[in-house]
Amino acid sequence: MALATYVAATPGTQPDFRCGFDIELAHAILQRMADGESLTAICRTAGMPTATTVYRWAARYEAFGEAFVLIRQIARQNRSWRVAKARA
């Protein structure tokens, strides 16, 4: 399945992003999250789905959803460790 076409939103409007699940795109999102990038930042990148779409994928596709939850937990833990280290 090819990537969906992304049409940049004009100020004051919502982006028009219609996208079916794409395993390569899902993998790229998970990899970027594992590298410490926030989902919000990832979804602001041209060609990426909205955060709502990613959450829908996580709810609909079990393997992606499990990986998504695990990576978010690890990212949360890493942020906590960085904060604790900075305070020490």
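**Fold, charges and a buried cysteine in a predicted model**

The protein has 4 helices and 2 strands, taken as DSSP runs (helices are H or I with at least four residues, strands are E with at least two, and both are numbered from the N terminus). Along the sequence the order is β-β-α-α-α-α. The model is predicted, so to speak of local features a pLDDT of at least 70 is needed, and side-chain atom pairs count only at pLDDT 80 or more, while totals for chains, interfaces and linings use all residues. Residue numbers start from 1 along each chain as its sequence is written, and side-chain values rest on heavy atoms, with hydrogens and water left out.

The average pLDDT (the predictor's confidence in each residue, from 0 to 100) is 82, and 78% of the residues score at least 70. Over residues 1-9 the pLDDT is below 50, and beyond near neighbours in sequence this stretch has 20 contacts in the model, a contact being heavy atoms within 4.5 Å. Among contacts between residues at least 6 apart in sequence, 40% join residues at least 24 apart.

Of the 88 residues, 25% count as buried; buried means under 20% relative accessible area, exposed over 50%, and partly exposed in between (1.4 Å probe, protein chains only). The accessible surface comes to about 6300 Å², with 55% of that belonging to carbon and sulfur atoms. Areas come from the Shrake-Rupley method with a 1.4 Å probe, and for residues only the protein chains shown count as cover.

On to the charges. The count comes to 1 salt bridge, defined as a side-chain nitrogen of Lys or Arg within 4 Å of a carboxyl oxygen of Asp or Glu. Here the side chains of Glu37 and Arg32 meet at 2.7 Å, N to O. Glu37 is partly exposed, at a relative accessible area of 30%.

Asp22 sits in the loop between strand E2 (16-17) and helix H1 (23-34). Asp22 is buried yet has no salt bridge, and the nearest side chain of opposite charge, Arg32, is 13 Å away. Lys and Arg count as positive here and Asp and Glu as negative, with His and the chain ends not counted. The side chain of Asp22 does reach the backbone nitrogen of Leu25, at 2.8 Å.

Cys43 belongs to helix H2 (residues 39-43) and counts as buried, at 13% relative accessibility. Leaving aside neighbours within four places in sequence, Cys43 is in contact with Met48, Pro49, Thr50, Ala51 and Val54. Cys43 and Val54 are 11 residues apart along the chain, and their C-alpha atoms are separated by 8.8 Å.

How values were computed
A polar contact is a pair of N or O atoms within 3.5 Å; within protein, one must be able to donate a hydrogen and the other to accept it, and residues adjacent in sequence count only if both atoms are side-chain atoms.
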